[in-house]
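Student: I would like to go through this model one residue at a time. Please show it, and then I will ask.

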Amino acid sequence: MKIIPTNGIYNFQEIPGSTQWYWCCDYASGDLYEAQELFESRHPVSSNRLLLIRYPEGEVVEPIRGEAGQYFGSPAWEDGKVYILMVDFPRKTISLFQYDHDLGKTSLTAQIPLGTVKDCYNLMLTQSPLAIIRQGAENDFQVVWPEKGDFTLENTESFTCREGEWLYFSRWYEDPDYREEVVVRHFPHGEIRELIPGVLMEMPDGQKWILG
């Protein structure tokens, strides 16, 4: 039985697409959007802590130690590396870092102005390909980095994954029975090209399955 020292951080979960890396994080100031609201209301924002845990060794890594006013989102896995999203509210920046375990090194991959997005509501990393996206509270959807695109979604629609020029979303209905469908939109303007009854799932090896 292994004892994994996470200092009281227990929300342990796999980084999608990786068979070796898990992550956990505390929420010192709520989620990313709540931390932004606190900062803009002139309240102090304590940085959350992001830990990576390597399986099967149980090694714990803290790639970046955040400062006051900085806040981490969920990490992603791409091309054998862990990527970390961090917003720095005082400096008004969104940063993307790469953690290379073989080198034991964390490096800055990209940095964009925080003003690129309306707010941090559902600001997140997605992978294969790696990108920063945002899905706002008013159904506005953005691809923020490395490409740009934005359009409006319909109610109950949420992003699932991307394959080349195609963006896949999940949409649910209650009319009156509950059902779901996969919405296939074209990047960058979001035109709907196909509606597929069922639920899209991403398997551990990257395959996409639609349960219809």
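Student: Is K81 buried, partly exposed or exposed?
Tutor: This is a predicted model, and the class follows from the computed accessible area. Buried means under 20% relative accessible area and exposed means over 50%. K81 has a relative accessibility of 21%, so K81 counts as partly exposed.

Student: With which residue does K81 form a salt bridge?
Tutor: The closest N and O atoms of the pair are 3.8 Å apart, and the cut-off for a salt bridge is 4 Å. The pair links distant parts of the chain, with K81 in strand 7 and its partner in strand 8, 19 residues apart. The partner of K81 is D100.

Student: And is D100 buried or exposed?
Tutor: The limit for a buried residue is under 20% relative accessible area. D100 has 11%, so D100 is buried.

Student: Which residue forms a salt bridge with E67?
Tutor: The closest N and O atoms in this salt bridge are 3.8 Å apart. E67 lies in the loop between strand 4 (59-61) and strand 5 (70-72), while the partner lies in the loop between strand 7 (81-88) and strand 8 (93-100), 24 residues apart. E67 is partly exposed at 45% relative accessible area. The partner is exposed at 55%, and it is R91.

Student: How many salt bridges does the structure hold?
Tutor: Some of them are linked in a network made up of E154, E157, R171, E181 and R185. The pair of R179 and D175 is also a salt bridge. For the structure, the number of salt bridges is 17.

Student: Which residues form the negative surface patch?
Tutor: One member, E37, is found in helix 1 (residues 32-40). Residues in a patch need over 30% relative accessible area and no salt bridge. E37 is partly exposed at 41%. The negative surface patch is formed by D31, E34, E37 and E40.

Student: Which elements give two or more residues to the nonpolar patch?
Tutor: The nonpolar surface patch covers about 340 Å² and is made by V199, M201, W209 and L211. Among them, V199 is in strand 18 and counts as partly exposed at 30% relative accessibility. The elements asked for are strand 18 (199-202) and strand 19 (208-211).

Student: What radius of gyration does the protein chain have, and does a compact globule agree or disagree with that value?
Tutor: The C-alpha atoms fill a box of roughly 45 × 45 × 35 Å along the principal axes. For 212 residues, a compact globule would have a radius of gyration near 17 Å. The value for the protein chain agrees with this, at 18 Å.

Student: What share of the residues of the protein chain counts as buried?
Tutor: The secondary structure of the chain comes to 1 helix and 19 strands. A residue is buried when its relative accessible area is under 20%. Of the 212 residues, the share that counts as buried is 45%.

Key: Residues numbered from 1 in each chain as written. Predicted model: local features only at pLDDT ≥ 70, side-chain atom pairs only at ≥ 80, totals over all residues. Heavy atoms only, no water. Patch = residues over 30% accessible without salt bridge, like charges linked within 9 Å, V, L, I, M, F, W, Y side chains within 5 Å. Areas by Shrake-Rupley, 256 points an atom, 1.4 Å probe, with all protein chains shown as cover. Salt bridge = Lys/Arg side-chain N within 4 Å of Asp/Glu carboxyl O. Lys, Arg positive; Asp, Glu negative; His and termini not counted. Charge placed at Lys NZ, Arg CZ, Asp CG, Glu CD. Helix = DSSP H or I, 4+ residues; strand = E, 2+ residues; numbered from the N terminus. Buried < 20%, exposed > 50% of the residue type's maximum accessible area, 1.4 Å probe, protein only. Rg over C-alpha atoms; globule rule 2.2 N^0.38 Å.
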